[in-house]
Amino acid sequence: MPFPLFDLHCDTASVMEKKKQGFLQNDLCVSLKEAKGFSPYVQVMAIWTNKHLSDEEGWLAFHRIYKHLADDPAIKDRSVTFGEPYCTDLSRPTLLLALEDARILCKRLDRLDEISHLGVKIFTPLWAGVNCLGGAHDTGVGLSPFGKQAIQKALALGMIPDISHASVKSAKEIILFAKEAKRPVIASHSNAYDVCAASRNLHKEELDEIIRLEGLVGLNLHRPFVKEETANLSDLLGHIFYFLEAGAEDILALGGDLDGCDPIPEIKKLSDYEKLWEALAKENLPEKLIKNIFFGNADRFAKAYFR
Ligand SMILES: [Zn+2]
């Protein structure tokens with residue numbers, strides 16, 4: 001029987017453009033073929049531009065990746081919904097857009113209007129080091145003056161700020177701006193720092209804020225964020241139990257980071273999510289809770305904020 005899946009982060013769009021491959025079938029972790037067993041299926045596609053490009057080259061690359069995706073045969077023949085407000089008709093697989101590493105704005109606020117117009121719903125300002133918006137997880141740097149303006153404008157345009165990749169200081173500032181705007185924040189692909197002390201993972205105070213703001217946290221499959229090189233599925237369950245104990249049952253979701261990470265051996269591609277479902281059922285988690293982690297929590301959020 002198909003089960004529902006809503007995944008908050010993959011890097012497939014950027015890799016598909018690089019390899020000139022399509023979404024119907026490809027040799028990547030995420031494709032329609034891989035998604036066959038899921039219904040409904042909603043996938044957030046992050047557009048990330050290679051760090052070796054300059055910020056301005058990255059802006060051009062963003063448009064190339066966007067165009068490659070928008071021109072995909074599966075989107076053209078409407079077997080996939082793309083670029084539309086999140087709808088309640090989820091009979092077809094649905095793709096949503098995120099921008100990861102907003103350095104490509106090159107300090108131009110008008111570019112936020114453009115990406116919002118293209119349908120970007122999730123705004124992940126940072127990635128690594130310091131960019132024109134501020135400091136990422138591997139720094140102690142907060143938001144720059146431009147970063148503060150960009151977060152406020154992204155919020156005003158209806159985009160949801162994503163604190164995955166943010167430094168502790170930047171995350172704090174992003175949360176303050178979201179509170180001012182009476183909007184939530186999410187961490188689209190981060191695990192729990194208390195379980196695995198990686199700088200990309202969420203500190204308890206950040207998690208508590210996301211819970212208070214009724215945001216979302218997407219579980220990341222990247223081995224170094226789950227435990228270490230030897231991380232496996234049972235280590236990922238450790239993060240889930242931690243989040244549940246912390247009161248995150250209504251905000252916990254999936255954000256696998258597939259096609260952009262080194263995943264745990266049991267879940268190497270999208271179809272392998274079935275094994276996570278089975279493992280959670282084996283742990284006697286109520287089916288309703290598993291469904292909420294796999295789909296319900298992100299679906300409720302998307303209905304509220306991605307319309
Ligand atoms: Zn990322």
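How many cavities of 30 Å³ or more does the count come to? I started my notebook with that one, and the count comes to one.

**Ground rules**

I am working with a predicted model, where local features need pLDDT of at least 70, side-chain atom pairs count only at pLDDT 80 or more, and totals for chains, interfaces and linings use all residues. Residues are numbered from 1 along each chain as its sequence is written, and side-chain values use heavy atoms, with hydrogens and water left out.

Grid points are joined across faces, edges and corners, and a volume is the space filled by probe spheres set on the points.

The largest cavity holds about 60 Å³ of space. I noted its lining as Phe82, Gly83, Glu84, Leu95, Leu96, Leu97, Leu118, Gly119 and Lys121. Strand 4 gives the largest share of that lining, three residues. For helices (H or I, at least four residues) and strands (E, at least two) I use DSSP runs, numbered from the N terminus.

Next I turned to the largest pocket, with a volume of about 460 Å³. It is lined by 25 residues, and the closest to its centre are Asp11, Ser14, Val15, Trp48 and Asn50. Helix 1 supplies the largest share of the lining, five residues. Helix 2 (55-70), like helix 1, supplies at least two.

**Entry: the zinc ion**

Which residues coordinate the zinc ion? I found Glu100 (OE), His165 (NE2) and His189 (NE2), at 1.9 to 2.2 Å. Donors here are N, O and S atoms within 2.8 Å of the metal (3.2 Å for Na, K and Ca), and water is not among the atoms, so sites may look incomplete. The spacing of the donor residues in sequence is E-x64-H-x23-H. Glutamate 100 sits in strand 4 (residues 94-100) and histidine 165 in the loop between strand 8 (160-161) and helix 6 (168-180), so I have a pair that links distant parts of the chain, 65 residues apart. Both glutamate 100 and histidine 165 are buried (under 20% relative accessible area, with exposed over 50% and partly exposed in between, for a 1.4 Å probe and protein chains only).

**Entry: aromatic rings**

I paired rings of Phe, Tyr and Trp (its six-membered ring) when their centres lie within 6.5 Å; planes under 30 degrees apart count as stacked, over 60 as edge-to-face and the rest as tilted. The count comes to 14 aromatic pairs. Phenylalanine 3 and phenylalanine 294 are edge-to-face, because their ring centres are 5.6 Å apart and their planes are at 85°. That pair joins strand 1 (residues 3-10) to helix 11 (residues 287-305), and the two residues are 291 residues apart. Phenylalanine 3 is buried at a relative accessible area of 9%, and phenylalanine 294 is buried at 0%.

Phenylalanine 294 also pairs with tryptophan 277: the centres are 4.9 Å apart and the planes at 65°, so this pair is edge-to-face. Tryptophan 277 lies in helix 10 (residues 273-282), so its pairing with phenylalanine 294 in helix 11 ties together parts 17 residues apart in sequence. Tryptophan 277 is buried too. I then wrote down one aromatic cluster, formed by Phe3, Phe38, Tyr41, Tyr273, Trp277 and Phe294.

**Entry: asparagine 26**

Is asparagine 26 buried or exposed? It counts as buried, because its relative accessibility is 17%. I located asparagine 26 in the loop between helix 1 (12-19) and strand 2 (38-48). A polar atom of its side chain lies 2.9 Å from the backbone oxygen of glycine 22, and one lies 3.2 Å from the backbone oxygen of valine 30. Leaving out residues up to four places away in sequence, asparagine 26 touches Met16, Gln21 and Ser31 (heavy atoms within 4.5 Å).

**Entry: backbone**

Most residues other than glycine have a negative phi, and most peptide bonds are trans. I found a cis peptide bond between serine 39 and proline 40, with omega about -5°. Proline 40 is in strand 2.

Cysteine 106 has a positive phi of about 50°, and I place it in the loop between strand 4 and helix 4 (110-117). Aspartate 257 has a positive phi as well, near 70°. Aspartate 257 is in the loop between strand 11 (252-254) and helix 10, and counts as buried at 6% relative accessibility.

Technical notes
Polar contact = N/O pair within 3.5 Å; in protein donor to acceptor, adjacent residues only side chain to side chain. 1 Å grid on protein atoms, 1.4 Å probe; cavity = no way out; pocket = protein on both sides within 12 Å on 5 of 7 lines; lining within 4 Å.
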